[in-house]
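Subject: Structure for you to look at

Hello,

Here is the structure I promised to pass on. Please open it and keep it beside this email as you read.

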Amino acid sequence: MHAFSQGTTTTSTAIAVPPSLRLPVIEAAFPRQLHPYWPRLQEKTRTWLLEKRLMPADKVREYADGLCYTDLMAGYYLDAPDDVLQAIADYSAWFFVWDDRHDRDIVHGRPAAWRRLAGQLHAALGAPRAHLHHEDPLVAGFADSVLRLYSFLPATWNARFARHFHAVIDAYDREFHNRTHGIVPSVEEYLRLRRLTFAHWIWTDLLEASAGRELPDRVRKNPAFRRAALLSQEFAAWYNDLCSLPKEIAGDEVHNLGISLITHEGLTLEEAIVDLRRRVEDCVSEFIVAEREALRFADEIADGTLRGKELSVAVRTCVRNMRNWFSSVYWFHHESGRYTVDSWDDRSTPPYVNNEAAGEK
């Protein structure tokens, strides 16, 4: 059952969170909200997945809503216009399908297929219109979502988004190498790589699209604003690692902060869980401090000019949505069928994966 099936807010009572993963501060101080466009968003993203052939009709019908991809975005970019949120949600759904293809290429030992796809995605970032009818639905779907995202803000924002996503593709390539060669990165290595594979700066860039304004460098690089943005993303990445640690250890995975701590710092599984949980909780408490500083910075920008006022409003919008990321990510991990591994017929193969598109005929 979806927590957002009735209305725009909810409480924690609908979902049973395991004690080891429960964060009372999120449940108490980060109330859940949902963009009012969500029901339409869910319907249109479902249709988009079908039209772009990113998932077969039977899998869309059976799994798309339960994966809660639209819930995740609709709980984050609350201030976005409907068309912007739709483009972000479709892009996010594409991202999850891409992540699944990456995983399947690793599991089934398809380095040539992965290298070909990575090259095509790099090319599509620079010329999305030329890739709209690409034979690989994953490339065509990416081109479509990127072209729509490029329509909202100036070319300078588009170039930054492209630069950030080129880095994400390269990071996925490094993860491919590590996983196929059984290499567990050091803790510091992993933290640097995780910021890219989790696409920290992509989701932060999209805050500007949501706010309807490209932020100048002096705002984006302001220490308070940048720290609040980073902490919201670090929370998401590390909470994901905390939730998936037992599963990934069982599957002989190498890419998880907990696994790096166990391998390179000599921690036991129990100690790694404690360390991960501490990092996650520190992100929350440190964000609350950074959030205040970022909002104070927004006040300083409002210098009496129209430009200053508009910029201040945009910064406040971005910071407000950073806060939304905490509750949206937290509940997503306990609602999405993506994480209900124990209920799968085959724990090694997600039932919602498009095997044919991934080459598993």
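Which residues does Leu121 touch, not counting residues up to four places away in sequence? They are Trp94, Trp98, Leu138, Val139, Phe142 and Ile169. A contact here means heavy atoms within 4.5 Å.

Two notes before the rest. This is a predicted model, where local features need pLDDT of at least 70 and side-chain atom pairs count only at pLDDT 80 or more, while totals for chains, interfaces and linings use all residues. Residues are numbered from 1 along each chain as its sequence is written, and side-chain values use heavy atoms, with hydrogens and water left out.

**More on Leu121**

Leu121 sits in helix 6, residues 111–126. Helices (H or I, at least four residues) and strands (E, at least two) are DSSP runs, numbered from the N terminus. Leu121 counts as buried because its relative accessibility is 0%. Buried means under 20% relative accessible area, exposed means over 50%, and partly exposed lies in between (1.4 Å probe, protein chains only). His131 is ten residues from Leu121 along the chain, and their C-alpha atoms are 9.2 Å apart.

**Helix 3**

Now look at residues 57–67, which form helix 3. Its buried residues are Lys59, Val60, Ala64 and Leu67. They lie on the same side of helix 3, because they cover an arc of only 90° around the axis. That arc is taken from the directions from the helix axis to the C-beta atoms. An α-helix has 3.6 residues a turn, so residues three or four places apart point the same way. Arg61 and Glu62 are on the other side of helix 3, and they are exposed.

What covers the buried residues of helix 3? The cover includes helix 2 (38–51), helix 4 (69–74) and helix 15 (306–335). Cys68 follows helix 3, and its phi is positive, near 65°.

**The whole chain**

The chain has 15 helices and zero strands. Its radius of gyration is 20 Å, close to the 21 Å that the globule rule gives for 361 residues, so the chain is as compact as a globular protein of that length. That radius is taken over C-alpha atoms, and the rule is 2.2 Å times the number of residues to the power 0.38. Of the 361 residues, 55% count as buried. Along the principal axes, the C-alpha atoms fill a box of roughly 60 × 50 × 40 Å.

Best wishes
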